[in-house]
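Dear colleague,

I am passing on the structure that you will find just below, together with some notes on what was found in it. Please read the notes with the structure open beside them.

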Amino acid sequence: MTEHNSSELTTSTGGQQLETFPDPGVPEHKLRMADKDPKAAKRAERQTVVLFAISILGTIGMIVAFFVFRLEGTTESTRNANLAVGLGLFFALMGIGLAAVHWAKTLMSDHEHVDERHPQRGSDDVREAAIAELKAGAEDSGIARRPLLKGAVVTALALFPLTIAVPLVSSVGGDWDISKFKHTIWKRGTRLAIDPNGRLIKAADVTIGSVVHVIPDVPEEERRSHEWITEKAKAVVLLVRLDPADLKESEERKTWSHEGIVAYSKICTHVGCPVALYEQQTHHLLCPCHQSTFDVADGAKVVFGPAKRPLPQLPIAVDDEGYLIAQDDFDEPVGPSYWGRLK
Amino acid sequence: MTTTQAPKPVAATADYLDQRTGISHAVKGFARKVFPDHWSFLLGEVALYSFVVLLISGVFLTMFFVPSMGLVEYHGPLSSMSGQLMSEAFASTLKLSFEVRGGLLMRQIHHWAALLFMASIVTHMMRVFFTGAFRKPRELNWMVGFVLMILGLLAGFTGYSLPDDVLSGNGLRITDGVVKSIPVIGSYLSYFIFGGEFPGEDIIPRLFTLHILVVPALILALIGLHLLFVVLHKHTQYPGGGRTNNNVVGFPLFPVYVAKAGGFFFIVFGVIALMGATMAINNVWNYGPYDPSPVGAGAQPDWYMLFLEGSLRLMPGQPEFVIAGWTLSLNVLIPAVVIPGLLFTFLAVYPFVEAAVTKDKREHHVLDRPRNVPVRTGLGVAFLTAFIILALAGSNDLIATHFHLSINSITWVFRFAFFLAPVAAFWITKRICLGLQRKDRELVLHGHETGRIVRFANGEYIEVHKPLDEQERWLRVGYEANRPLEIAPREDARGVRRKGYAFDRQLQKLSGFFFEDRVEPVTPAELAAAHSHGEHDQLDSSDSAAQLDPVRDATGHGVVTDEHKH
């Protein structure tokens, strides 16, 4: 089964050198063990049968395991059942797979076949015929002679998708009121509560160096409502008490803290992950998603990473009973930047 | 129909079908269709089969999963979650894992199959790229495959987010942040996706519909198109004796590939089942239901999303600007949109760039050995290097904790490496390819070293070299080295400047970048010269052999072939 590709060879007259080497053709076929030795063929057949048998046992094993291993709601029992059933499935599948491939490789004919290829392009005749058909069709439709009709069909087809797109797009974004980005549920006088149990926080109970994850104090039923998760996604705050000597504060924000206690939005100004890792020694807050690092002692300014802006600060105070309260909502939108953030 | 050997019921069924469908035409055309054999052709098969596994396990999961963000209090068997408020999506994922028998296995099989699906798509693309299988007539099928890869990413992303756990919820939050950074329409796009503010109540049902209907339907349709093209074009083949651009050498579909490819489906499924049985993945009960407040340290996305995560991590924060009151977050836009956009554009357009710089209009069905196209191979390795550095940067926190390094310095190293390493990788790969080509020339010209030293009567020692047999030689000489484009001059004979010269000149420069450095295959004349040379002029051979070589590399030493002994 050799085939020389002589078309690409250029020979000059007089038996001189070729410009390129000739294709030596398909290499000589090599016989396998099973082709030469009936014993080897018999052995390969036996091996294939054993592999199929493994699959049969695997299927039986899986069904047995499925009924024997009961789920008791513990990770332990779930793991065991998972392992037993999964291994049964593995043997059931692998047995068939290996058997089929082994059969093909050892026993099925492995003589090379050669198929001719043909260029993808249609021949000139076919092309001409195709064009003639199209021309005839266009002629029959009369589209070339009736430009008004052409314009009408194109316009109608181009416009009709709007019947689906307009209702879909106008409804899919809810009320489209993006001004909601600018406000959270923090209000003047909202008490600070511990996340997630909702206990109120007394300023006196916050020791220097400690960090508290804070949510606004709202009634229990509000925290169990559907809207809560969206409000919480903007309102979470991180509260830290520093030695007032370590705290660098700008003039206008001197009144926003209380005896070294500062509260910052927990939503990263990069892409919005919760900035949850606090390093007591350095006063650094680290976002575990992309490692933006903020210095709590210095207005939560960015000291490293992909965020640009400091975390927004929640102005806090203490009420008559000694509980920490918000003075007001944040004075800027929390979370990631967006086009109209400052508008 | 010949029914001499077929049993009666089979013959009757075949006759029934053929009278109604003419199926005998298809059977005649396809049953013994020839496919070439190579292990690397299995990569695409792995992708196809893991997609089938995804469909099978996915159907199982949809029977129990509840795509709803409605809140429920958990009262299932898992004591650690007892009484906790969670979405129905999360609760049903717990139910799937702990109460539905075989449910955890199907979840884990589904997740592992998804990782394998993307891995096999990427390695299959690498095979196609490095062997030049994307050349005419397969450029369109490359595009189909490219879109399939993007859809695979989309399928993975939408599925990953469905259980509504802390990890996937934070993934969605990052998505929201990235979307908001898009100028002008970003905020509205965020509302478009979430049906209002993040996270809202719509995102899980929306992702569910995309994940189980829209994306898989598109993937299925495009897989059909992808395979249709394979049948239409016939499969490419690796170079070798008797394999030309006008034929395909291999084994018939029936029975060899029915058994091999059919069996391989069970092997792929089997391996995924073994992974699902023994390797835990995405234990969402350890993370808990999504809550905007907590986040785990060391959290990683699935591997195919790591490059995006790494890109976000590497970007310094400075380039966020406020222009006339409008905020432009280039610190998010560049790593999350521009960089991936550039990487994907490179992949999508590469076949067309190569077609332009070669001006090669012929069909190619014999694959390239990667060494024979050094610049393409170098570009591919450079691309992979950039991708891998971004993926590593996506794990910089784990690298820091495992190797006790500062995360800041790792980030700085990766920031530089992202720009420098691909250039170095390109250069090194290109040099390696050229070196391998020269080694091929040397082997063809002078044969294999045998290690046998012969002493001549005059006292001279030589090592005997064994010439290559014709199959081995053909593998090393049966290629064409592309040359830089030649273009028409700027002015014609009458001194009139022609249009389009500037563009042609740029194309020529690009073509020069691709093909300026090249190693031509050995010609019969060169081989003959090398032989006669060894016979008559051994001592002087190194200089003259170098002159024969078009790239002037010294391949010749004082060598003799077996003929010398006569």
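Strand E1 of chain A pairs with strand E4 (residues 247–252) of chain B in the antiparallel sense, over four bridges; helices (H or I, at least four residues) and strands (E, at least two) are DSSP runs numbered from the N terminus, and two strands pair if DSSP finds at least two bridges between them. Within this pairing, Asp115(A) stands opposite Val248(B) in E4(B).

Please keep in mind that this is a predicted model, in which local features need pLDDT of at least 70 and side-chain atom pairs count only at pLDDT 80 or more, while totals for chains, interfaces and linings use all residues. Residues are numbered from 1 along each chain as its sequence is written, and chains are lettered from A and ligands numbered from 1 in the order in which they are written.

The contact between the chains takes 88 residues from chain A and 100 residues from chain B, where two residues are in contact if their C-beta atoms, placed from the backbone, lie within 7 Å. On the side of chain A that touches chain B, the elements giving two or more residues are helix H3 (75–106), strand E1 (113–116), helix H8 (228–235) and strand E9 (301–304), and H3(A) gives the most, with 18 residues. The residues of that side divide into 46 nonpolar, 25 polar and 17 charged (Ala, Val, Leu, Ile, Met, Phe, Trp, Tyr, Cys and Pro count as nonpolar, Asp, Glu, Lys and Arg as charged, and the others, Gly among them, as polar).

In the model, residues 142–162 of chain B are 90% helix and 0% strand, with end C-alpha atoms 31 Å apart, whereas residues 332–353 of chain B are 100% helix and 0% strand, with end C-alpha atoms 30 Å apart.

With best wishes
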